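Please look over the sequence and the structure shown here before reading on. The briefing below is meant for a reader who is meeting them for the first time.

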Amino acid sequence: MLTTLPKPTTYQVALPSWMPRLAFAPHNTSPRGDTLIVVFLRGAADILNMVVPHGEDAYYQLRPSLGIPRPDDSSEKKEERAIDLDGFFGFHPSMHALLDAWQSEQLAIIHACGAPDESRSHFKAMELMERGVDDERGPASGWIGRHLATLNTGNSSPLRAVGMGTRPQRSLSGTVPVSALRSIADFHLGGDPRALQQMRLALNTVYENDVLGQDTLSIMDTLETLDPLTYTAARNAKYPDSEFGLALKQTAMLIKAEVGLEVSAIDVGGWDTHFAQGSVTGLMPNLMKDLAEGLAAFHADMQDHMNQLTTVTMSEFGRRASENGSLGTDHGHGSMMMVLGGNVDGGKVHGEWPGLEEGQIMGPGDLAVTTDYRDVLSEVLVKRLNNPATNEVFPDYQAKMPNVIV
Amino acid sequence: MISRRDFLKLSTLVVTSAALSSCAPVYRRLAGDLPAVPWTPLDAHDFLALNRLTFGPRVEERARFSEISLQAYIEEQLAFDSINDFDCELQLQPFKSLGKDANELEGISNGLFEDYDRETIPDELRQATLVRQIYSKRQLYELMVEFWSDHFNIFIEKGNCFYLKTVDDREVIRKHALASFRDLVWASAHSPAMMIYLDNQANEKSAPNENYARELMELHTLGVDGGYTQQDVMELARCLTGWNVKEHFWLGDFVFKEDLHDTGTKDVLGLTIENSGIKEAEQVIEMLVTHPNTARFIATKLTRRFIADDPPQVIVEKAAQTFLQTNGDIKSVLRVILLDGLALAQPKYKRPANFVTSALRMTNTETDGAGIQDYLLRMGQTYFGWPTPDGYPDRGEPWQNNLMPRWQFVFELIRNEIKGTKNNLNSLLDVSSTDSLQDDVDSLTSLLLGAPLERLTRDKLIDSVLSAGASPEETLQIAAAGILASPAFQWR
C-alpha cells in the first residue's frame, strides 16, 4: 500500500540541540600522575571489626558477642583472634591477606576517618561523599569528575576514567565523559558479520557528533583484544572469584594494556549489616576476606607498577560502636580509609584515635571523626595525581595534609 | 462483560495456545489491531507529552491522542478502571503465581527435600511486569505502578522477598497506585515483604532495629530533609517493635507480636505516644501521610518523574497544595502535574526499562517478557533488582554512558534474535511503504523519533549501509536499528 506522508515542517536531528555538550577547559596542565583506584564499600562498613582497637576495653564491653578477641587472648584459637598491627590495633583474621602489603609498608590505615555529615542516611552520606561536599548546596558533579575536569593531562582516551559496574559512580560524574564497564568481554556487538559491519556504519553516522557515542565505538575496538578469562596475573597472584576480584583484575588489565586509564572506581556492596553480621566468621567476615584477598592479589600482580598506583578504600560512614540485639550493628559515624601504593607511608595506623569510652563516643554511641576523608584524598591529589586544584575538587574545604603519602 | 469481539478473540487464542506446548507463554497478538493507515504525525510537544503518558506510544495511541486531545486523553487514562484491558489479561494467563497468597507461594517454591526454588516466582513477576508495560492499555496506571515500585523499593533477592514481593506488588503497589497515598503507605507498612526487606522483623523491644523506621520517614514520607532527627528515628523504631511476619500457619502474613513490643512511652516528632500496641506506629503513619513535608516530597518526586529532572517549582507547589487539600489523592495530584506541567516538560533520559519498552511498543513487537530480562540486567535495571531502598535513580545522569548494551539490544531486536520476542516492523513498514528508501526512512523516523531525520544525516545513513552491500530491505532494517540506537531515541 502506497501512502504519502504529510511533508514534515520540522526535522529531527540525530543529536538534539538540548543534549548536554561538553564544556571542558581545564586550567591546570600537567603530565598524568598515578592511576587512582577508588574502592567504595557501600552500606557503611563496620570498620571497628575490620581494624580492631584491641587495646581498648570499651570495645569489648560494647561488643560482647561481635567483638574480635585480642591477639594475646589465649582462651581463643589463634586463627580467631585479631592480628596485631601496632600493639593497639589489629586486623580481623579475615583480613590476613593484606599482611604482606602492610609489612612491605605499602599499606596505610587512617582510622576514625570520615565525613562531617551526621544524617546516618546511606543515600545522603554517599551522595555528599561522592560529590565531595558538605551539604546539598555544593556542585552536583562528583569529586573525581572535578579532578578530571580541572587537570589537563593531554589524555583523550575514552578509558581515562572507568566505573566498574553497570553504571558510572556518582563520584565520576562531571564534564569529562567516563565509561561504565561491567566486563571487558561484554563489550562487543555479536552476530552476523555482514550485518554487524552495516550496523557499525549506521552507528558511526548517528553518533557522528556525539562524543559519548564516539568514545563507546573506540572502546569497542580497544577491548576486542583483551580477555579476562585468559589473563595471567604476575607473581601467581590469584584474584578472588567475585565481582570485586573481576573488577580489580580488569583494572590491572587496562593498566597493563596502557589504554590511558587514570581512574578506576569500584564498588563493593553488602556492608549494611544490621542483622547477624558474624564476628569471626559469617556474612561480614566473608566480605572482608573478599576485599583483602582482592587488594592483596592486585598488590602482587601490579608490583612492577606500584610506583604509579594509588588505591584508596572508603565507606560512607561507620557503624554504631555497640552491637544491636540482632547480632548486627546500626548506622554510626566515624569510618576508616586504607591507602595502598608504592609511595604510601605504610605499615602505620594514621590519625588521632578518639576512643570508645563514654564521653569519647559521639551521638547515639558512635566513633568520632578526627580526620576528614577529604584530607586524605587532597593529599593523594596533590602529591600523587599532580592536581593542585583541591579547592575546586573540594569546594569550601581547607584540606590539612595527614601525611599518608611519603 | 465480555463482548462478542472479545469472545471471538478468546476462542481463537485458546485454540492457538492449545496448539503450542502447554507451558509456552502466550505472546501472539491477534491480527486486526493495526490501523490500515500510517501513524498519525504529532508535533514535537505532543510527541513528548505522549511519550510521558506511555511506555512509548503505539500507533493506535497516537491516533487516539490526536483524536481527543491532551486533556481528554489524560482523563481517559486516569479513569483506568473504565479501560478494557482484556488483551493484556490474556497475555498474563501463563503467570499462575500472580494471584496467589504468601502461604501458597511458599508452598510452590518449597522443594521439601531440595532447596527452595528462588527463581520461578520472581521470574514470573518480572515477566508479568514487562508484559503489562508493553500490552496494557492502562498506560498511565502502569507508569504509576512503576513509580511506586521505585518509591517503596523492595529488593526481590533479599530473604523471603523472592516470593513476598509478588504479594506486595499486588496488594500494596497495584491496589493503591492511583488511589490514596495514605492507604498506600499504610499497606506498605503492613507488607511482610517490606518488613523483611528493611529488617523490621528483627526489631524487638530488647533489640531495636532502626532500618524501617528511618526509611519510612526518609524515603517514603517526609524526605531526608523533612525535619526529623536521629532521636525521632529511634523512637519510631520503638513504636514499630513487634511489627512482624508470621512464620507458621498463614506463613508470610503480617502479624503484630505483642511480646516483642516496647510498651514504654515514646516521643516522635514532638508527639507523645502512650503505650497502645500496634496503634502507636499507626498513629505516626497517620501523622506522616498528611505532613506538609510529605506533600512536598511526593510532589517533587512525581514532578521529576513526569515533567523534568529539575522539577519546575511552580508545579511542585501546586501539586503539594493539591496533595494537602485532597488528603493525598494520587489522581488529583497527578492531574495537576500533567495538565499544568506537561507544557513545561523537559526531555528526560530514558532509563533502561523505558528504553526497552519504548523500542518494543513503537515497533509493535510481540514478546513473552522472558528473553528481554537479560538485556535489562546488562543495561543495569532489572525489575525489583535495586538493592538499596531509594529505588532506581530517576535523574538521567546515572544512566548515561552505558550505550553498549542498548546497541546490542536494538541490533538483536531488529534482527529478531531475541527468544520469545518478534518485532513486526515489516508489517508496520508495509503499511507506509513507498518506492523510495528515503521516504521510507523518513516515515520510520517520524514513527520512532517524532519527526524525520535531517536530510543530510538520513542520506548518509542510507548510503553508508548500502555501501556495506545491504539490500534495500536490509538497509531499512539496519536504519531502524540505527535510529533506535541513536542519541535522540535515548530521550523521551
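What follows is a short briefing, grouped by topic.

This is a predicted model, and the predictor gives the complex an ipTM of 0.87 together with a pTM of 0.73.

**Confidence**

- Chain B has an average pLDDT of 89, and 91% of the residues in this chain score at least 70.
- Residues 1-36 of chain B, by contrast, have a pLDDT below 50, although this stretch has 32 contacts in the model beyond near neighbours in sequence.
- Where pLDDT is low, the predicted coordinates should not be read in detail.

**Where chain A touches chain B**

- The contact between the chains involves 58 residues of chain A and 67 residues of chain B.
- On the side of chain A that touches chain B, at least two residues each are supplied by α3 (122-131), β9 (179-181), α5 (193-206) and α6 (211-223) of chain A, and the largest share, 11 residues, comes from α5(A).
- By residue type, this side of chain A divides into 29 nonpolar, 22 polar and seven charged residues.

**Helix packing around α23 of chain B**

- Helix α19 (residues 404-414) of chain B packs against helix α23 (residues 472-485) of chain B at an angle of about 150°, with the axes 9 Å apart; α19(B) and α23(B) are therefore roughly antiparallel to each other, and α19(B) passes α23(B) in a right-handed crossing.
- In this contact, Arg406(B), Trp407(B), Val410(B), Phe411(B) and Ile414(B) of α19(B) meet Gln477(B), Ala480(B), Ala481(B), Leu484(B) and Ala485(B) of α23(B), and the residues involved divide into eight nonpolar, one polar and one charged.
- Helix α21 (residues 437-448) of chain B also packs with α23(B), here at an angle of about 30° and with the axes 10 Å apart, which makes α21(B) roughly parallel to α23(B); α21(B) likewise passes α23(B) in a right-handed crossing.
- The residues of α21(B) that take part include Leu437(B), Val441(B) and Leu444(B), and those of α23(B) include Leu476(B), Ala480(B) and Leu484(B); the residues of this contact divide into 10 nonpolar, two polar and one charged.
- Helix α19(B) is mostly covered, as 10 of its 11 residues are buried, among them Trp407(B), Phe409(B) and Leu413(B).

**Residues with a positive phi**

- Most residues other than glycine have a negative phi.
- Asn386(A) has a positive phi near 60° and lies in the loop between α9 (373-384) and α10 (390-393) of chain A, where Asn386(A) counts as partly exposed, with 16 C-beta neighbours inside 10 Å.
- Ser69(B) has a positive phi near 75° and its place is in helix α3 (residues 59-78) of chain B; with 10 C-beta neighbours inside 10 Å, Ser69(B) counts as exposed.

**A loop residue of chain A**

- Pro64(A) lies in the loop between α1 (57-62) and β4 (83-84) of chain A, and Pro64(A) is exposed, with 9 other C-beta atoms within 10 Å.
- Although Pro64(A) and Glu323(A) are 259 residues apart along the chain, their C-alpha atoms are separated by 7.9 Å.

Note on methods: Residues numbered from 1 in each chain as written. Chains lettered and ligands numbered in written order. Predicted model: local features only at pLDDT ≥ 70, side-chain atom pairs only at ≥ 80, totals over all residues. Axes fitted to C-alpha atoms, helices over the stretch in contact; angles between N-to-C directions. Helix = DSSP H or I, 4+ residues; strand = E, 2+ residues; numbered from the N terminus. Parallel < 35°, antiparallel > 145°, perpendicular 65-115°, else oblique. Left-handed = near helix turned anticlockwise from the far one by under 90°. Contact = placed C-beta atoms within 7 Å. Nonpolar A, V, L, I, M, F, W, Y, C, P; charged D, E, K, R; others polar. Buried ≥ 20, exposed ≤ 12 C-beta atoms within 10 Å, placed from the backbone. pLDDT = per-residue confidence, 0-100.
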